[in-house]
Amino acid sequence: MTPIDTHTKEEVLVKALPYIQTYEGKTFVIKYGGAAMTDDQLKSTFAKDVTVLRKIGINIIIVHGGGKEITDLASRLNLQTRFVDGQRYTDSLMLDAVLMVLAGKLNKELVNLINTNSGNAVGLTGMDNMLLRGRRAAPGGNDLGLVGEISTVNTAFLNSLLTMGLMPVIAPLAMGENGEMLNTNADIAASAIASALKAEKLVYLSDIEGVMVDGTLVSTLSPSRAEQLIHSSAITGGMIPKVRSAFHTVDAGVHKVHIIDGRIKHSLLLEIFTDEGIGTQLVPEDEAANSTS
Ligand SMILES: Nc1ncnc2c1ncn2[C@@H]1O[C@H](COP(=O)(O)OP(=O)(O)O)[C@@H](O)[C@H]1O
Ligand SMILES: [Mg+2]
């Protein structure tokens, strides 16, 4: 190692100090999905990153997705995946696949990987101690079957886990009004949890740089611009629930909501410990007006 390298590493640590002081004892909710969840190297660096954050005293809650693996298992089981306006219809057989993949394989693999680094992860679904209560949702008037929106979050339970120094890793399933299990969008579940806890930060890790328009990254996005971009079809598909849920979280008083690129190693640490900021920051209308981008 050259002296320059040593100097750089010292500087990195010292520059992180004000952020560590600001965030100690605060709660971050992280939506984990995309490439960071499928690539072995990225999975491993993610597990280390969240462990570092936990060890320096930040409360970490992870909500994970699983769309692609659910579709893969459904096709191996010869289940028909029906889409209504681009959204998956969940019948009871599909819910079985969702449970197996989301609450089973993916949740336990992630918990295991984090705990290999001594991250104190504990895997949960919304059904565990009624963590997430939901009701059937019909987005855009479309019946999507056993799909829910979140109505309540058991914040007392989450807070007690955090107080014990545990890192909840949550599969986004909710307990419905009639005791049925409901599949929920992971972005929306992460948003509901961050809002209910009045978290310090909500970070969506995705497999894209952030919100893009004509190939250019939008570094700061306001609610009105987002709705315009959805209306003009510049924002489509999975980015729609992401930005809409992000702004619900901003409305609930969470001022730091970011969509960042999970394909970049340690993007989570870069977002938290540097001034530059990466990806898209979603801010209230008045703040966007004062921003240059
Ligand atoms: N304007 C946009 N900017 C960025 N991504 C967009 C935009 N419009 C649609 N998308 C799509 O949304 C995807 C992210 O949502 P999704 O596929 O649900 O991934 P995840 O929820 O796992 O992060 C991007 O990979 C991209 O294909
Ligand atoms: Mg998605």
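By residue class, the lining of the largest cavity holds 6 nonpolar, 4 polar and 2 charged residues. The largest cavity contains about 70 Å³ of space, and searching the whole structure turns up 1 cavity of 30 Å³ or more.

Here is how these terms are set. On a 1 Å grid over the protein atoms alone, a cavity is a set of points where a 1.4 Å probe fits but cannot get out, while a pocket is an open set with protein on both sides within 12 Å along at least five of seven lines; lining residues have an atom within 4 Å of a point. Grid points are joined across faces, edges and corners, and a volume is the space filled by probe spheres set on the points. Helices (H or I, at least four residues) and strands (E, at least two) are DSSP runs, numbered from the N terminus. Ala, Val, Leu, Ile, Met, Phe, Trp, Tyr, Cys and Pro count as nonpolar, Asp, Glu, Lys and Arg as charged, and the others, Gly among them, as polar.

## The second largest pocket

Now to an open site. The second largest pocket holds about 420 Å³ of space. Its lining has 17 residues, with V12, L13, A16, F273 and T274 lying nearest the centre. α1 (3-23) and α9 (267-273) each bring at least two residues to this lining, and the largest share, 8 residues, belongs to α1. The classes here are 10 nonpolar, 2 polar and 5 charged.

## Around ligand 1

Ligand 1 has 15 residues around it (a heavy atom within 4 Å), and S206, M212, A234, T236 and K242 come nearest. That shell divides into 6 nonpolar, 5 polar and 4 charged residues.

For polar contacts (pairs of N or O atoms within 3.5 Å), an oxygen atom of ligand 1 sits 2.6 Å from a side-chain N or O atom of S206. With the side chain of D207, an oxygen atom of ligand 1 has an N or O atom at 3.1 Å.

## Conventions

Residues are numbered from 1 along each chain as its sequence is written, and chains are lettered from A and ligands numbered from 1 in the order in which they are written. In this predicted model, local features need pLDDT of at least 70 and side-chain atom pairs count only at pLDDT 80 or more, while totals for chains, interfaces and linings use all residues; side-chain values use heavy atoms, leaving out hydrogens and water.

Conventions: A polar contact is a pair of N or O atoms within 3.5 Å; within protein, one must be able to donate a hydrogen and the other to accept it, and residues adjacent in sequence count only if both atoms are side-chain atoms.
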